[in-house]
Amino acid sequence: MPLSAYARVPMWLGVIVAVATAAAIVLVPRTSPTSVPPPAAAEIETRPAWQIALDAMDHALAAGDISGAEMAWRNAYGLAIRSRQWQALLAAGDGSLRIADHVLVKQPYRARAAEAWRAALFLARTQRSVDGVLGVAEAFARLGDQEGLTQVLHIADGLAAADPSGETRRRVLEARQRLKSPAATNALADPILALFPDAAVGP
């Protein structure tokens, strides 16, 4: 082989090595830190809209923005109604009471809470959810509404009667004994109403 031919061999080897190296670089999979969404973003997407609205209400309350909390609660209540979930309406009622903790006249917010809980009770009864009915019973007990509590427990008795195992009747009985105890019958006092009964305006 002529010398010039031997001189060209290293050059061809260099070209082959360069091509192989470039192909390996292209074929190596690359990972990107942005290819997987952060867990926090995924959690936000899975939360129900009514819960996000209630979170916005709580943030407004923490900032002392009662007007903003009012708007967020009304949004949460509308979303809860459209969700057809007793859990959502039960949470909306609890949210109204949290606003009441930040204002002087509490009665309108207590009335709105009771309205949301009655809607939750209707759905829970329709869906034959003893958990839902007992959750509403707990809510009315916190409110100090003994008449409402008695009515809710009566509905729970009706649902329990359909359970042949007796387990539901036992749960309802335990709830009745606990919620009807003297320690659980203290109403949420509104001192303004004691001085000015006319302050009890509607929701």
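Which residues is Phe140 in contact with, leaving aside its neighbours within four places in sequence? In this predicted model, where local features need pLDDT of at least 70, side-chain atom pairs count only at pLDDT 80 or more and totals for chains, interfaces and linings use all residues, Phe140 is in contact (heavy atoms within 4.5 Å) with Ala114, Trp117, Arg118, Asp145, Gly148, Leu149 and Val152. Residues are numbered from 1 along each chain as its sequence is written, and side-chain values use heavy atoms, with hydrogens and water left out.

The protein chain holds 10 helices and 0 strands, where helices (H or I, at least four residues) and strands (E, at least two) are DSSP runs numbered from the N terminus. Of its 203 residues, 35% count as buried, that is, under 20% relative accessible area, with exposed meaning over 50% and partly exposed in between (1.4 Å probe, protein chains only). Among contacts between residues at least 6 apart in sequence, 60% join residues at least 24 apart.

Helix 6 (residues 107-126) and helix 7 (residues 130-143) pack with their axes 8 Å apart and at an angle of about 160°, the axes being lines fitted to C-alpha atoms over the stretch in contact and the angles running from 0 to 180 degrees between N-to-C directions. The two helices are therefore roughly antiparallel to each other, since angles under 35 degrees count as roughly parallel, over 145 as roughly antiparallel, 65 to 115 as roughly perpendicular and the rest as oblique. On the helix 6 side the meeting residues are Arg110, Ala114, Trp117, Arg118, Ala120, Leu121, Ala124 and Arg125, and on the helix 7 side Gly132, Val133, Val136, Ala139, Phe140, Arg142 and Leu143.

Between helix 6 and helix 7 lies a loop that includes Arg128 and Ser129. Arg128 is exposed, with a relative accessible area of 53%, and its phi is near 55°, a positive value in a residue other than glycine. Ser129, by contrast, is buried at 15%, and it touches Trp86, Ala124 and Leu159, not counting residues up to four places away in sequence.
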